[in-house]
Each structure stands twice: as C-alpha cells, then as structure tokens.
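Colleague: I'm new to reading protein models. Could you walk me through one, feature by feature?

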Amino acid sequence: MTTLNTAIRAGKNALKSRSLEACPALVLNADYRPLSYYPLSLWSWQEAVKSVFLERVQILQVYEKKVYSPSFTMNLPSVVALKNYVRPARYPAFTRFNLFLRDKFMCQYCGAKNDLTFDHVIPRSKGGLTRWDNVVAACAPCNLAKGNKLPEKAGMIPQQKPYRPTVFQLHKNGRLFPPNYLHESWMDYLYWDTELEE
Ligand SMILES: [Zn+2]
C-alpha cells in the first residue's frame, strides 16, 4: 500500500492537470453490468487504482494516461469489474432524479418537459404521502394550477398512475436519457442505444 500511496501522491503531484481528475473508472459488477446506473457507478482514478491493488477488482479497459511510481507504471483503469458479485437492489431509492426518470422527465398532467417539479397527487394537506405511489413529475404551471385540490376536483389526472418502479424499469427508461459524459471504453458495457423491448 505504501507503494500505491506513493504512486497516488506522485500522480497528484506530477499530473496536476484536470485531465487526470477526468479519468473516472466505470465500475461493473462481477457480471459485467454497471454496479448502478443512477447515478452511474464511477470511481475516481485513486479509488480504482487502490481497488486494483487490494485485488477487489479486475481491470477490463484502460486510459492512455499513466501513473508512475518508483516501482511501477500503470495505465489508469477506465473500466473495472468487481471480483465478488454484489446483489443489486431490486427497488431504486426514492429520489428526485429517479422519480423524474420514472416519469421520463415529463409533466404527468400536460406532457411539458421543462420547469419540472414534483406534485403530490393527493395533496399533503389532505393526507397524501410523499411516496412513489403518490408523487409525480409536474411542470410548475400545472403544479400551481392543481394546488391543494384532489385530482378529480382539479380535473387533473396523471397520465400514468404513480407506482414504485423496479431498478429494471428505471434502467429501461434510463437508456433514453444517457448521462452527459461517457468515455468510449465504457460503451461495450452500457446499452443506452438498445431498442426498448416490452
Ligand atoms: Zn404540466
């Protein structure tokens, strides 16, 4: 580990360029699928190199960029896979991003894609809970128009009844919304462009 720490320090000192920081490793599970999609499982180059030395991961792809220490030279890993399989969660976390992803970044009342907020279908003031099955993506104008009214009263029914998605369902939607930055060496492990199948 001392050698490794030296290397990491050396890497930091010798290559203070942002480019080194812009070398995250895509982390795959032992089945070569990304450990998580939302957010995409990425490690800093330091974490990736450390895990290689701890023999927790194997390197599948590398960057051209190298780190140097007195005793070794190493290409920075761009894709690593865990040696031990981690059972993925069946249900995703209830986060703002995942909620928007479930609703395909679309207001569930009018279909708008901008100015998104989230709306309690049964308003909180009427006992509605902040849960997957009561919250939908809604644009600010629709949110305002609906206010504290029940859907029937407001005449605003969500296009899709809110539900708790599985990770699998979010993955399907996620292919429609790839993250902004994807290194080319990751492409074999991500299938953003795959046709959606029902
Ligand atoms: Zn709307």
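Predicted model: local features only at pLDDT ≥ 70, side-chain atom pairs only at ≥ 80, totals over all residues.

Colleague: Does Phe 97 count as buried, exposed or partly exposed, and why?

Modeller: You count neighbours. A residue needs 20 or more other C-beta atoms within 10 Å to be buried, and 12 or fewer make it exposed. Phe 97 has 14 C-beta neighbours inside 10 Å, so it counts as partly exposed. Also look across the chain: Tyr 38 is 59 residues away in sequence, yet the C-alpha atoms of Phe 97 and Tyr 38 are separated by 8.2 Å.

Colleague: OK, and how do I get the overall layout?

Modeller: List the elements in order. Here there are 7 helices and 6 strands, and along the sequence they read α-α-β-β-α-β-β-α-β-β-α-α-α. Of the 198 residues, 23% count as buried.

Colleague: Which residues have the most contacts inside the largest nonpolar core?

Modeller: The general idea is that in soluble globular proteins, nonpolar side chains tend to be buried together. In this model the largest nonpolar core has 15 residues, and those with the most contacts inside it are Ala 25, Leu 26, Leu 28, Trp 45, Val 79 and Val 80. Strand E1 (25–28), helix H3 (45–53), strand E3 (57–68) and strand E4 (73–82) each give this core at least two residues. Apart from it there is another core, of 10 residues, including Cys 107, Tyr 109, Val 135 and Cys 139.

Colleague: What is Leu 26 in contact with, if I skip its neighbours within four places in sequence?

Modeller: Pro 34, Ser 41, Leu 42, Ser 78, Val 79, Trp 186 and Tyr 189.

Colleague: Last one: how do E3 and E4 run, and how many bridges join them?

Modeller: For strands, check direction, bridges and the link. E3 and E4 run antiparallel, joined by 8 bridges, and a hairpin of 4 residues takes the chain from E3 to E4. Within this pair, Ile 59 stands opposite Val 80 of E4. Val 80 is also one of the residues with the most contacts inside the largest nonpolar core.

Definitions and conventions: Residues numbered from 1 in each chain as written. Core = buried A, V, L, I, M, F, W, Y, C linked by C-beta atoms within 7 Å. Contact = placed C-beta atoms within 7 Å. Pairing = 2+ DSSP bridges.
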